[in-house]
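Trainee: Please take one part of this model and walk me through it closely. I would like a single connected account.

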Amino acid sequence: MIDEEKKNETIQEGEIKEEVVEDIDSDFADDHPYVPEPPKEEPKQEASEGEEKKDPMDIEADVVIEDEEEIPEEAQQNSEYDDPALSKIEEARALWIKDFKLHSRIRTILSIVVILAMLGGGLLPIILIKNQGMVPVYIGLGVAIAGAVALLIYNTINRRRDQRKIAEYFDQFYGGVNEYVYPYLGVTNYEGGVVDKVSPEEFKAGGAFGQVASIGSRDNVTFEYQGMDCAIADAAAQKDNGKALETIFVGKFLRTSNKVKVCEEGILIYFKGNDRALVPNTLEGRHALEKSKTCIIYGRPEDRNALTQKQKKAIRQIRTDSLLVDVTIVIKNEKTYWYLGYEDDIMVLPSQKPFDPSFVKRYRNQLQTILEAAKLLNE
């Protein structure tokens, strides 16, 4: 989803600053896709004085295992528009940004003309009409008020138009991504769209993130994958740290059915990626059953054998990278919650720069690996 602190920003092209339209989905973290430059890397959080900075992977576990050889990330790059669904996304982006810039310029020019007319209409009666007391002032004031009202009405109409256009672009972007991803995966009974959301209760049900104060989501879709019930959405969650809302998750929130029998709190598996990873804030106090260089399995001792070796091997096929920054899996009775932390490359809609399809291609491959692992949990 979704740089999440970009409120009241403007697009800047040369010396022209163009007003950004209002949010169409203000509860989501990346509602402003109009970003003139790449997202800035968030500053790393420093440990407080006297507190040692902890790496979630640097803990003791009952069992330590070796991972299989990792796949080089370079082999996953492919920025060609080799599918009609990908081409349509770039065409939609180009048309939208062209239309947005054109109408922003028109709006700017008309605003200047109206303001000049207001000034002229307000001052000229005072200058030209003599010996009429307050009459010139009233005339000038009336012209100025009429101009201000006209400008307000015009901007309101155009703001609604901009909102409608960005909503259309959202539909085209997600429509293209979903058209590229889901038919390839062979899903059935696909339903949902951009305006569909995840309930806060369902997001919290996994228990990976605590103290959740705000949740935003969009494009919540449901489908079946080889007989397994699934749902996935773009989501973002924040907690109140006492001074402001702090982002604790941004990415894809996947839910799948399973047939695993575990204790009430379930099994939590965490894959750490790069320094941008948002580590679940409920790891403290959990018992580490097993760990490798890439992931840790948490759970009660009585759940030590809840997962088969085949299921664990499939889960370990998941790899984080510069796009998929971390993965948290919570396995509970009948349902598995997958918190897939993704970078802005796929969570923020492209605007000024052309759409790069390599991120969607990597996402599709990653989702297929994850769904294959989920399918084994459902057997």
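Mentor: Helices here are DSSP runs of H or I with at least four residues, and they are numbered from the N terminus. Keep in mind that this is a predicted model. Let us look at helix α2, which covers residues 135-185.

Start with the setting. The protein chain has six helices and 12 strands. Of its 379 residues, 46% are buried. Its accessible surface is about 19,900 Å², and carbon and sulfur atoms account for 53% of that.

Now the surface. Leu141, Ile145, Val149, Ile153 and Ile157 form a nonpolar patch of about 470 Å². Ile157 is part of α2. The relative accessibility of Ile157 is 55%, so this residue counts as exposed; the cut-off for exposed is over 50%.

Next, the second largest cavity. Its space comes to about 60 Å³. The lining consists of Tyr174, Val177, Asn178, Tyr182, Asp219, Ile232, Ala233, Asp234, Lys252 and Tyr363. Helix α2 gives four residues, the largest share of that lining. Strand β6 (228-240) also contributes, and α2 and β6 each provide at least two lining residues.

Asp219, Asp234 and Lys252 are in the lining, and Asp and Lys count as charged. Asn178 lines the cavity too.

Note on methods: Residues numbered from 1 in each chain as written. Predicted model: local features only at pLDDT ≥ 70, side-chain atom pairs only at ≥ 80, totals over all residues. Heavy atoms only, no water. Patch = residues over 30% accessible without salt bridge, like charges linked within 9 Å, V, L, I, M, F, W, Y side chains within 5 Å. Areas by Shrake-Rupley, 256 points an atom, 1.4 Å probe, with all protein chains shown as cover. Salt bridge = Lys/Arg side-chain N within 4 Å of Asp/Glu carboxyl O. Buried < 20%, exposed > 50% of the residue type's maximum accessible area, 1.4 Å probe, protein only. 1 Å grid on protein atoms, 1.4 Å probe; cavity = no way out; pocket = protein on both sides within 12 Å on 5 of 7 lines; lining within 4 Å. Points joined across faces, edges and corners; volume = space filled by probe spheres on them.
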